[in-house]
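Please read the following briefing alongside the sequence and the coordinates.

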Amino acid sequence: MYIVDDICYAGNPCDEVRVVQATPLKGGMLLVLFSSGEKKLFDALSVEGSAFEPLKDESIFTSISVQHGFVSWADRAIDLAPEYIYDNSVPYSECDDLLECA
C-alpha cells in the first residue's frame, strides 16, 4: 500500500506506463505500443468478468480507442488500465509476421 496526494493505493508504486497506440488483431489480441517504446501483445479476451464480455463481439473489440494512456471500448464504457495490459502482455518482435490485423 502507498499514498499519493492523500489517496491510498493498493500494491506498490511503480513507474507510470501509458498506452500510446493499440491495434486490434484477430483472435482478440492487441498490439500495444507503450510510452516506454516497447511493443507488446495482449490477449484482451483473457480478461475475466462480465464487464468484458462485450469484447467477444468483433465490432465492439475493433472500436478501440486510446485516451489519456488508457485503452477503452464502447465509448469508454469498457476500459483497461495500462499497467494491467503491460503486466499481462508479452514482448512483440517486428519480425513476427504470423499476425494479421483484423
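Which residue in β4 is the bridge partner of A22? The partner of A22 in β4 is V32, and the two strands concerned, β3 and β4 (residues 29-34), run antiparallel and are joined by five bridges. This is a predicted model, in which local features need pLDDT of at least 70 and side-chain atom pairs count only at pLDDT 80 or more, whereas totals for chains, interfaces and linings use all residues. Residues are numbered from 1 along each chain as its sequence is written, and side-chain values use heavy atoms, with hydrogens and water left out.

**Overall content**

- The protein has two helices and nine strands, where helices (H or I, at least four residues) and strands (E, at least two) are DSSP runs numbered from the N terminus.
- Read from the N terminus, the elements follow the order β-β-β-β-β-α-β-β-β-α-β.
- Of the 102 residues, 28% count as buried, a term that stands for under 20% relative accessible area, with exposed meaning over 50% and partly exposed in between (1.4 Å probe, protein chains only).
- Among contacts (heavy atoms within 4.5 Å) with a separation of 6 or more, 45% are between residues 24 or more positions apart.
- The protein exposes about 6800 Å², of which carbon and sulfur atoms supply 51%; the areas come from the Shrake-Rupley method with a 1.4 Å probe.

**The four-stranded sheet**

- Four strands in the order β3-β4-β5-β9 form an open sheet with antiparallel pairing, and two strands are taken to pair if DSSP finds at least two bridges between them.
- Its edge strands, each pairing on one side only, are β3 (19-24) and β9 (89-91).
- Neighbouring strands of this sheet are turned by 30° against each other on average, direction ignored; the axes behind such angles are lines fitted to C-alpha atoms, and angles run from 0 to 180 degrees between N-to-C directions.
- β3 and β4 form a hairpin with four residues between them, and G27 in the turn has a positive phi of about 75°.

**The three-stranded sheet**

- A further open sheet, also with antiparallel pairing, has three strands in the order β6-β7-β8.
- Here the edge strands are β6 (65-67) and β8 (78-80), each of which pairs on one side only.
- Strand β7 (residues 70-73) pairs with β8 in the antiparallel sense over three bridges, and within that pairing the bridge partner of S72 in β8 is D79.
- S72, which has its place in strand β7, is buried, with a relative accessible area of 4%.
- Leaving aside residues up to four places away in sequence, S72 touches S63, I64, S65, I78 and D79.

**The nonpolar core**

- The largest nonpolar core has 18 residues, and those touching the most other members are L30, V32, F42, V71, W73, L80 and I85; such a core is a set of buried Ala, Val, Leu, Ile, Met, Phe, Trp, Tyr and Cys residues joined through side-chain atoms within 4.5 Å.
- The elements that give two or more residues to this core are β3, β4, β7 and β8, and the largest share, three residues, comes from β4.
- V32 touches V19, Q21, A22, E38, K39, K40, F42 and I85, again not counting residues up to four places away in sequence.
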